[in-house]
Amino acid sequence: MELGFGIALILVTCLFALWIVRLAGNNVRNFDESKHESFIGK
Amino acid sequence: MSTQTHHHEKDKQDLNKFGYAQELLRSMGGFSNFAISFSIISILTGAVSLYGHGLTYGGPGMMGFGWPLVALFVMIVAASMAELASAIPTAGALYHWASILKNKRWGWYTAWINLIGQIGIVAGIDYSVSLFADPLLSDVFGYTSTETTILICFGVILLTHGILNHIGIRIVAKFNDFSAWYHIGVVAVLVASLAFFSKGSLNSVDYLFHVGQTFSDKPYMFAFLIGLLQAQWTFTGFDASAHTIEETVNPRVRAPWGIFTSVAYSFVFGFIMLAFVTLSIKDAGAAAGSDNAFIYVIREALGGDFGRVMLWLVVAAMWFCGLSSITSFSRMMYAFSRDKGMPLSKQWAEISKKFRTPAKAIWLAVILSFLLALVDYIIKKSNPGTTHTTIAFMTAVSVVGLYVAYGIPIALKMIAKAQGKFQSKHLGPWHLGKYSDLLGSLAIVWIIFISVIMVIPPNEMAGYALAGMIVLLVAMDLLYYRKHFPGPQAALNTSMAEILRKERELEGGSSGGGTGISHKG
């Protein structure tokens, strides 16, 4: 029981990391510099 | 124009938009930016030096459940910070983000809370090195390791880090790059040694996930929460990738990746190491009751000589960690002083013309870290009955200081977004899209939770120290800085002619010569 929960937790953590890598990676590739504006707080 | 030169020009222009000159040498590549955070997280420092803490409170289940649980939430915090680093790429990082997302006073408090955490982390790391190195040195030179010799050892280690950081970012970056591979290599050697040469057989995998066993006098669930300090402290310092952003080429992409991947890789390699160390435990009660549980387990499993060699390797990894942490701390102070947020700001913002490093800020970081350990040493000497450990005190201070400083700009960004001030067009290339608010909210909830957990008994001394520092900050703010702190907004009034003059002045005095561009990949 405890072993199952432990393995599930590790899997969830690994999958989360991979999801963020994929999500951010796609956003970096599709970034459109012409639409960007620096946020300078003014 | 080469891609590298193009990036350098673009990075410089991005920085100039915030009113700052390119004063630091921009020479770090993506791997170096990752390596500095990976070295400060240093699974061979945090997870090892607090291994006894984790085992005592949470038993073996702390490694199986505590480590991945903390890693999951820290990755959420790191992802939210990475998004901000991509949007606002300046060395002030947390403090600068808070300043421009809300106002300069929020920024000022964020900076000081971050600074308190940085003092704690540098002191905690280098004190860990001396906790491990001093007993090993005492074996070699035949003296008795005491709290006094540990403090002296700590001072010497800080000194070595101060000198190397003063000499320059290039040498520190080389050490950081090596350190990242070194950490992975030592973990591999340690794991292989325990897997193949451990005396007797390893425990079954079930043991790693065994909960309900604590060697403290607290109920298990409560003890488990206290034990989370082991993992939570390990996963600190990844803001270094943001603090070295003005020294990184193409930082809007590389710094956020550095922040996030340093945490993710630390989770993976740290888990593998902790799993094998825990599966090698012969007598958990004896290990938890020993002076240093990690040393105890390794020596029991691998024998005296082999164990000693492994411990020297671990000490070297910790030394690399301390080196990187001074880099990060000094850059943060440099950026804050550049905006006149500290007493004697002009001094700490000064860049060495020869080495292009904030030399005075580096030595201030060394002195403040030593003072924290010295104060704790004096308290313990004058109150021999005190029960807290120096390392737990320092680590709890750094966890709360750093995570609160991480949380403030994340929360302020969500507020600014809700008010329509911060919009999609302000995001950098690295962002979380529609999941940004959800992840930001989870990050805030986790930060509040662990900030409370880290200062309850037996770490109440850290809570008192932090409360005292906050009172001091409020007094400083009300008495002086409320009216006299110009904040980073003031830099926006700097003319381009003045920015270029500063850059030309430094380029003329830099030993690197030329534009100061390094072409690291």
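Student: Which residues are buried in α8(B)?
Tutor: This is a predicted model. In α8(B), the buried residues are Ile150(B), Cys153(B), Phe154(B), Ile157(B), Leu158(B), His161(B), Gly162(B), Asn165(B) and His166(B).

Student: Why would residues three or four places apart point the same way?
Tutor: An α-helix has 3.6 residues a turn, so residues with that spacing point the same way.

Student: What do the buried residues of α8(B) pack against?
Tutor: They pack against four helices of chain B, namely α7 (104–141), α9 (169–197), α16 (304–338) and α18 (359–382).

Student: How many residues does helix α8 of chain B have, and what should they span?
Tutor: Helix α8 of chain B covers residues 147–167, which is 21 residues. At 1.5 Å a residue they should span 30 Å, and the end C-alpha atoms are 31 Å apart, so the two values agree.

Student: What follows α8(B)?
Tutor: Gly168(B) follows, and its phi is positive, near 155°.

Student: Going back to α9(B), at what angle do its axis and that of α2 cross?
Tutor: The axis of α2 (residues 30–41) of chain B crosses that of α9(B) at roughly 65°, and the two come within 8 Å.

Student: Is that crossing of α2(B) and α9(B) left-handed or right-handed?
Tutor: The crossing is left-handed.

Student: Which residues meet there, from α2(B) and α9(B)?
Tutor: From α2(B) there are Phe31(B), Ser32(B), Ala35(B), Ile36(B), Phe38(B) and Ser39(B). They meet Ala173(B), Asn176(B), Asp177(B), Ser179(B), Ala180(B) and His183(B) in α9(B). By class, this contact has six nonpolar, five polar and one charged residues.

Student: New topic: what is the secondary structure of chain A?
Tutor: Chain A has one helix and zero strands. Its C-alpha atoms fill a box of roughly 55 × 25 × 5 Å along the principal axes. Of the 42 residues in chain A, 19% are buried.

Student: And how many residues of chain B are in contact with chain A?
Tutor: There are 37 residues of chain B in contact with 23 residues of chain A. On the chain B side, α1 (3–17), α5 (61–87), α6 (94–101) and α13 (251–279) each supply at least two residues. The largest share, nine residues, comes from α5(B).

Student: What classes are the residues on that side of chain B?
Tutor: The side of chain B that touches chain A has 26 nonpolar, seven polar and four charged residues.

Student: Last one: is Ile295(B) buried or exposed?
Tutor: Ile295(B), which is found in helix α15 of chain B, is buried, because 23 other C-beta atoms lie within 10 Å.

Notes: Residues are numbered from 1 along each chain as its sequence is written. Chains are lettered from A and ligands numbered from 1 in the order in which they are written. This is a predicted model: local features need pLDDT of at least 70, side-chain atom pairs count only at pLDDT 80 or more; totals for chains, interfaces and linings use all residues. Two residues are in contact if their C-beta atoms, placed from the backbone, lie within 7 Å. Ala, Val, Leu, Ile, Met, Phe, Trp, Tyr, Cys and Pro count as nonpolar, Asp, Glu, Lys and Arg as charged, and the others, Gly among them, as polar. A residue is buried if 20 or more other C-beta atoms lie within 10 Å of its own, exposed if 12 or fewer, and partly exposed in between; C-beta atoms are placed from the backbone. The expected span of a helix is 1.5 Å times one less than its number of residues. Axes are lines fitted to C-alpha atoms, for helices over the stretch in contact, and angles run from 0 to 180 degrees between N-to-C directions. A crossing is left-handed if the near helix is turned anticlockwise from the far one by less than a right angle, and right-handed if clockwise.
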